[in-house]
Amino acid sequence: MRDTTCQPVNLRGWTLRDSDGNRYRFNDTRIGGRATLRIHTGSGRDTRTDLFQGKRDHVWDNRADTATLRDDQNRTVDTETWGSRR
């Protein structure tokens, strides 16, 4: 995930979903302007640049999937699709 604006964004209440309906909801997380934030499926320690969902099973399908980022008003902010589901 990358903030392409110059302004920081608070992601509280935003969600990241895959095409199977798996959802990650952001807590009080800020991403700086032009910063990158990586979302990991497994466990780890959250930092300013990496967040961990704490899931034991894989969420993202390597062959084909869609990631959808929605804001706290449930508006789609960004979508990324890869593989044969295009």
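I took strands as DSSP runs (E, at least two residues; helices are H or I, at least four), numbered from the N terminus, and counted two strands as paired if DSSP finds at least two bridges between them.

**Ground rules.** This is a predicted model, so I kept in mind that local features need pLDDT of at least 70 and side-chain atom pairs count only at pLDDT 80 or more, while totals for chains, interfaces and linings use all residues. Residues are numbered from 1 along each chain as its sequence is written, and side-chain values use heavy atoms, leaving out hydrogens and water.

**Strands 2 and 7.** Next I looked at how strand 2 (residues 15-17) meets strand 7 (residues 65-70): they pair in the antiparallel sense over three bridges. Arginine 17 has threonine 68 in strand 7 as its bridge partner.

**Aromatic pairs.** My search of the whole structure gave two aromatic pairs. Rings of Phe, Tyr and Trp (its six-membered ring) pair if their centres lie within 6.5 Å; planes under 30 degrees apart are stacked, over 60 edge-to-face, the rest tilted. Tyrosine 24 and phenylalanine 26 have ring centres 5.0 Å apart and planes at 80°, so I noted an edge-to-face pair. Both tyrosine 24 and phenylalanine 26 are buried (under 20% relative accessible area; exposed is over 50%, partly exposed in between, 1.4 Å probe, protein chains only).

Tryptophan 60 and tryptophan 82 make a tilted pair, 6.1 Å centre to centre with 50° between the planes. Tryptophan 60 sits in the loop between strand 6 (50-52) and strand 7, and tryptophan 82 in strand 8, so this pair ties together parts 22 residues apart in sequence. Tryptophan 60 is partly exposed at 21% relative accessible area, and tryptophan 82 is also partly exposed, at 25%.

**Whole chain.** Of its 86 residues, 29% count as buried.
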